[in-house]
Amino acid sequence: ITGVRRIGHAGTLDPLATGVLVVCVGAATRLADYLMDGDKRYLATLQLGVETNTWDAEGEVVAEGDTTGLTPERVQGACVAFLGEFAQTPPLYSAIKRDGQPLYRWARRGRAVEVAPRMVSIRSIELVSFALPLVTLDIVCGKGTYIRSLAHDVGAALGCGAHLAALRRLRAGAQDIADAVPLGDLTPDNWRAHLISPWEALAEHPRVTISPEQRAELLLGRAIVLAEAVGERCFAFADDHELVAVLVRDGEPGRWRPVKVWP
């Protein structure tokens, strides 16, 4: 569609998932890692009482449980246990790589692979629909959280098993689904009109405006002094909101050095 060879994205969606996918075009691919750092918001539908080997609707049923007696209060109560930071085990059928191969390839070959838990963060979980065996959750979470794992773990906590029946990403960082463009609407003639500037895309990150003299120093790879910058990393923009560099602290107070520069 774009005619641009280098295209990247900031956060994989499962095959059955829909919703926001942030796409980086050309030199913006160098921002993908930073854009993935933001929180995500999902609308997740769980089917209670049925567990699958992939923890979603694409897999084979491996166990069934009784949902009799479940109430909205019990479901919401089970979800509370997963708020905050905790060690989550990713699904065996996932794109995480082991020995250079995605885990789903090992799983499809019948190979037993140990998956190490990793720390994730869930900010909020709200029950928005209860129509057994289906329940729908509104979830805000940090980078690297697997909603399939959450669905599996909630089913285990309720004692009936569960899998992820449907998933829609409502927000990725600063990008909301209300501003998203359906892929089918993009054409070689109109795609540029839908581009988001780095200034907008990085709205949730620390940003600083630099002088022409500071810009010249950064383009030479030299550190600059920024008294007003906060945190350990910030994004330097010229006064016309043109992205110049990614900066990190350089040890001395107020001194920042570039780790990526856009000439």
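1. Strand 7 (residues 84-88) and strand 10 (residues 118-131) run antiparallel to each other and pair over five bridges. Two strands count as paired if DSSP finds at least two bridges between them. Helices (H or I, at least four residues) and strands (E, at least two) are DSSP runs, numbered from the N terminus. Within this pairing, Glu85 stands opposite Ser121 of strand 10.

2. Some ground rules. The model is predicted, so local features need pLDDT of at least 70 and side-chain atom pairs count only at pLDDT 80 or more, while totals for chains, interfaces and linings use all residues. Residues are numbered from 1 along each chain as its sequence is written, and side-chain values use heavy atoms, with hydrogens and water left out.

3. The overall picture. The protein chain has six helices and 18 strands. Its C-alpha trace spans about 70 × 45 × 40 Å along the principal axes. Of the 263 residues in the protein chain, 40% are buried. Buried means under 20% relative accessible area, exposed over 50%, and partly exposed in between (1.4 Å probe, protein chains only).

4. Strand 10 has a further partner. It pairs with strand 11 (residues 134-141) in the antiparallel sense, over eight bridges. A hairpin of two residues joins strand 10 to strand 11. Phe130 stands opposite Val135 in strand 11.

5. Five strands form it, in the order 14-16-17-18-15, with mixed pairing. Strand 14 (207-209) and strand 15 (224-225) are the edge strands, and each pairs on one side only. Strand 15 meets strand 18 (residues 255-261) in the antiparallel sense over two bridges. There, Val225 stands opposite Arg255 of strand 18.

6. Aromatic pairs. The structure holds three. One of them joins Tyr34 and Phe235: it is edge-to-face, at 5.3 Å centre to centre and 80 degrees between the planes. Tyr34 lies in helix 1 (residues 32-35) and Phe235 in strand 16 (residues 233-237), so the pair ties together parts that are 201 residues apart in sequence. Both Tyr34 and Phe235 are buried. The rule takes rings of Phe, Tyr and Trp (its six-membered ring) with centres within 6.5 Å; planes under 30 degrees apart count as stacked, over 60 as edge-to-face and the rest as tilted.

7. Charges over rings. Arg30 lies over the face of Trp262, at 4.7 Å from the ring centre. Arg207 lies over the face of Trp199, at 3.7 Å from the ring centre. The test asks for NZ of Lys or CZ of Arg within 6 Å of the ring centre and within 35 degrees of the ring normal.

8. The largest pocket. It holds about 1,200 Å³ of space. Of its 32 lining residues, Leu21, Val22, Val23, His194 and Ile196 are the closest to its centre. Strand 2 (18-19), strand 3 (23-25), strand 13 (175-176) and helix 5 (198-201) each supply at least two lining residues. A pocket is an open set of points on a 1 Å grid over the protein atoms alone, with protein on both sides within 12 Å along at least five of seven lines; a cavity is a set where a 1.4 Å probe fits but cannot get out; lining residues have an atom within 4 Å of a point. Points are joined across faces, edges and corners, and a volume is the space filled by probe spheres set on them.

9. What lines that pocket? By class, 22 nonpolar, six polar and four charged residues. Ala, Val, Leu, Ile, Met, Phe, Trp, Tyr, Cys and Pro count as nonpolar, Asp, Glu, Lys and Arg as charged, and the others, Gly among them, as polar.

10. Cavities. There are two of 30 Å³ or more. Among the residues lining the second largest cavity are Asp14, Leu16, Asp56 and Leu167. Here the classes come to seven nonpolar, no polar and two charged.

11. Thr67 sits in the loop between strand 6 (61-64) and helix 2 (72-80). Is Thr67 buried or exposed? Thr67 counts as buried because its relative accessibility is 19%. Thr67 and Arg30 are 37 residues apart along the chain, and 47 Å separates their C-alpha atoms.
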